[in-house]
Amino acid sequence: MCAKSGLGKADMAAPLLSVSNLHVGFATEKGLVRAVDGVSFDLTEGQTLGIVGESGSGKSVTAKTLMNLLPSYARVGGSITFDGRDVRAMATEGERHFWGVAMTMVFQDPMTSLNPVKRVGEQIAESLRVHLKRTRSEAKDEAGDLLQQVGVPEPRKRLRQYPHELSGGLRQRVVIAMSLACSPRLLIADEPTTALDVTVQKHILDLLDELREERGMTMILITHDLGVVRGRADQIMVMYAGRTMEQADTATLFSQMRHPYTEALLETIPRIDMASHTRLIPIPGMPPELVDVPDGCLFSQRCRSCSDSCLTDQPPLEVCGPMHVCACHTPVGTEAGAAARAANREAGVTPAGLDMGTFTAVEESA
Amino acid sequence: MAGSGTAQLRESDKMVLRVENLVMEFPAGIHQVVHAVSDISFDVQRGETLGIVGESGCGKSTTARAIVQLPKPTSGTVLLDPGTDAEIELTAKEGEELRAIRPRIQMIFQDPISSLNPRRRVRDIVAEGLSIWREEHPDVDVEAQVDEVLTAVGLDPEVAASRRPHQFSGGQCQRISIARALALNPEILICDEPVSALDVSVQAQIINILEEMKERYGLTLIFISHDLSVVRNVSDRVVVMYLGKVCEVGDSNTLFSEPAHPYTRVLLASAPEPSAVVDESESAIGDELPSPMDPPSGCRFRTRCPRTTGLCASEEPVMAKVGLDHFVACHFPGSP
Amino acid sequence: MSRNAGQRPELMDDLFGMEAARGWESDEQFGSIVIRRLGPGFWLAAAWIVFIVTAAALAPWLPIADPNETGVGGRMEAPGWSNWFGTDNNGRDMFARTIWGARVSLVVGFMSILLGIFVGGTLGMISGYFRGMVDRVISFVVFVLLAYPGLVLALLIVGLAGQTLPIVATTLGILAIAPIARLSRATTLAYAEREFVAASRVLGATDQRIMVHELLPNVLIPMGALTLLGMAITIVAEGGLAFLGLSVEEGFSWGKMIVLGSAPRTLREGPWVAMFPIGAMFVTVLSLNYAGDRLREYFDVREIGIGQS
């Protein structure tokens, strides 16, 4: 396991969740869409893993694979182990009391997680009745308690309301309450705050933090926003085009990032304390099509540190520091990386044909 | 909070647009009215980028539509070239007169894919403005102009022009929208959440294009977004809105380094990587946004404001100057 | 398939396995649009339609018998070599009659749906675009038309105006206006909300220009598919009118032929007199329905948006 994920095991406690060489493909007319292409990670109980990526990175598909929510035309390879149990085997066997109980998920848009024609209390109670075999009245009481725990004011009143009567923030709290109903050990939150206003975002994220601590829950926080995971995740995994680019614990990732994609992400996002008109360094091009995937590194077309080997050999995920792995031939902050970047700057163009002129203006030394 | 008041309007003939006492109300059911925008005023200087920021329901998008008279505001005035001989009162124009002024103010929208007609080719989409006004400008070389703007936004006309929108990515569609807006050589470009629907790696591309185009075509930008970091980065001057009212107006750097309105401070404290300028505790306010159909009396922010008093309920605060190019509508502005 | 597949053969087995992937479905988040083929069924249907229309159009010049000439074959002769479709009780050649009958049926079907789409489509678009009072008035008219029993209206018009081809076609057309207007209005409403319409207005386009350049191309697609489906309905409707004796007086359509062939004695002695026009109508309506449906699906899929960036 250590070799696969590359992360040394400082503490030898068995991880709660272990994903190994996960591959998820979708068969479409255009060919096989490689949504997730060889992702591995381990999660120790009580930790929070932040998965960061853009659209097409495979982060949501990974979550859905864990939760057994893939459509029928998906093909899955690799293994997923939760607390020693084989999750994929459970999926094939039709296990009913695992998802929603031990492992639950909160989605981006609370409106689609909630049935618009059912009262809120009923939706929470349903989980309790089905999985924990509570009676109607017991379930109702517990639902009220759950609403209170997630910070919904006037919980008893809210039980009888319909989703459309609640604001976005409240709806998301209801969804969180639903997911907590059976005291899960792992909570996956897929962009839980993207559809919410910024003031509400903070409250929801704080709530998730609180709940995690109170209940000793493990959490996977999926987002496109590096800022969101910075303060809230123990480990961060950066995904791109279905592959892991870099994975490290949070402090290390931000202070010693190695992958040019991570670096580029940080340079391209405006920060609130940056002065007006600070030039943002763009990441040229677009994420690749996931069908007929080219050889080599999938970020090479957009990378400043691209070298010839990047175009032909897919970089393996290798250890590049304590608790730090990275898939790159020319990582930032290493000799190879510096050499590649200098060579590109001199030539004015990368081996992939990217014009280095796009990166003029404020550029940190690489 | 919400200010009525026009202290923030600048006296100068360098203004290209002025909005005064703008009100937008929509009927909603029997005897009910949505107060989307309630008496706001601001102006935009030629060549400036004005950022309008606020959360959902604040009325920023409605304001944008009101400026281009789609639909006409319930009341208030929108002036082009205010204070000059060429001053035009947009709100007073109708029909053909209004239509004739349209080329001067263009707009790009949030959803890049919905912004383009799926049935038309890119060339026709971008040339649309030029086709509409062909009679008035018969000697414009439409094809050359289309090629030029497409190149300016970073698309190769030979490759892109004959394709349809569904063959492009979101970022590229947004570029096409920008090209379409620029083909008419407008003076003002209103950008309504132009990057909110795009991936982060593409956002900077579009922001940079907008800045480049602004320089190249001498544009004035009005940039609307809910993302403070983006707004700060792009704008020279910022307007913060809440529930149909303006809270704070001022120079971008000043406003964000010395936020005076409690709501602005909350926004800064709530950002995923909060600003160092405010204390995190300032983000602790209630979740519930009051209904725009029945907004709170006096200051609309008072139901969630940590500093609220009886005065806030009885008297609506008026915009007042608190610094050089810095205006706030609050009874108790400044740091706590 | 790219080289990568070769590098992990065990993966390919896992990924494709023995079960074929189920259906081609579009998956928006991966930025791939699955374009459904029109399919062999469509082309078959289209082929029939082309055939019958061509045959009907060229009928006067085809080397077939005169449909009105009696005594071409014996009376009520079963289908055979000399008369492929047999003869009817007046000794007229059924094959020729079937093809000539197509002329009336198809013309009535086509003209009526054309009228319906032209008037109904325009009304729907105007109503959906302008909203407000205009919408209310037009919608009211449409509701009245919808509520009015079609048959009674047909009776009224045909009874008053006569049973000529144009009248019958117009009657059916009028009946088609209301449902088409509703579809047109709904489609227009959906598209009028889209930002490209707002963008056009900001550019300075007149309402007229927006309706023609922006909305029409989009509304035309479902309308086009509806043409075929609608024709299927009007052809059958004409048959229904014929049963009531309300169809064209001069000449004959499939409907009329079916009526003539359905007299109990004729049915007993020579079922082919009714069966061939029925068969022809059946196949034509089926083809129109199927082709219309496939077209609609085909154009629907084209519009699915793509992933971000």
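**Chain A: sheets and contact**

Tutor: In this predicted model, chain A has 14 helices and 12 strands. Its radius of gyration is 22 Å, close to the 21 Å that the globule rule gives for 366 residues, so chain A is as compact as a globular protein of that length. Along the principal axes, its C-alpha atoms fill a box of roughly 75 × 50 × 45 Å. Of the 366 residues in chain A, 52% are buried. Take the contacts in chain A between residues at least 6 apart in sequence: 64% of them join residues at least 24 apart.

Now the eight-stranded sheet. This sheet of chain A is open, and its order is E6-E7-E8-E3-E9-E10-E12-E11. The pairing is mixed. At the edges stand strand E6 (103-106) and strand E11 (318-321) of chain A, each pairing on one side only. On average, neighbouring strands are turned by 20 degrees against each other, direction ignored.

Look inside this sheet at one pair. Strand E3 (residues 48-52) and strand E8 (residues 218-223) of chain A are parallel, paired over five bridges. Within that pair, Ile51(A) stands opposite Ile222(A) of E8(A). A helix also packs on the sheet: helix H8 (residues 168-180) of chain A touches E6 and strand E7 (186-190) of chain A. The direction of H8(A) makes about 175 degrees with that of E6(A).

Next, the four-stranded sheet. This one is open too, ordered E2-E1-E4-E5 in chain A, and its pairing is antiparallel. Strand E2 (31-43) and strand E5 (85-86) of chain A are the edges; each has a single partner strand, so one side of each is left without a neighbour in the sheet. Strand E1 (residues 17-28) of chain A runs antiparallel to E2(A), joined to it by 10 bridges.

Then the contact between the chains. Chain A brings 35 residues to it and chain B brings 36 residues. On the side of chain A that touches chain B, the elements giving two or more residues are H8, helix H9 (198-215), helix H10 (226-230) and helix H12 (260-268) of chain A. H9(A) gives the most, with six residues. By class, that side of chain A has 16 nonpolar, 12 polar and seven charged residues.

Across the contact, follow one helix of chain B. The 18 residues of helix H7 (residues 200-217) of chain B should span 26 Å at 1.5 Å a residue, and the end C-alpha atoms are 26 Å apart, which agrees. Its buried residues include Val200(B), Ile206(B), Ile207(B), Leu210(B) and Met213(B). The buried residues of H7(B) pack against H12 of chain A. They also pack against elements of chain B, among them helix H4 (142-152), helix H6 (170-182) and strand E8 (220-225). Just after H7(B), Gly218(B) takes a positive phi of about 60 degrees.

Definitions and conventions: Residues numbered from 1 in each chain as written. Chains lettered and ligands numbered in written order. Predicted model: local features only at pLDDT ≥ 70, side-chain atom pairs only at ≥ 80, totals over all residues. Pairing = 2+ DSSP bridges. Axes fitted to C-alpha atoms, helices over the stretch in contact; angles between N-to-C directions. Contact = placed C-beta atoms within 7 Å. Nonpolar A, V, L, I, M, F, W, Y, C, P; charged D, E, K, R; others polar. Expected span 1.5 Å × (residues − 1). Buried ≥ 20, exposed ≤ 12 C-beta atoms within 10 Å, placed from the backbone. Rg over C-alpha atoms; globule rule 2.2 N^0.38 Å.
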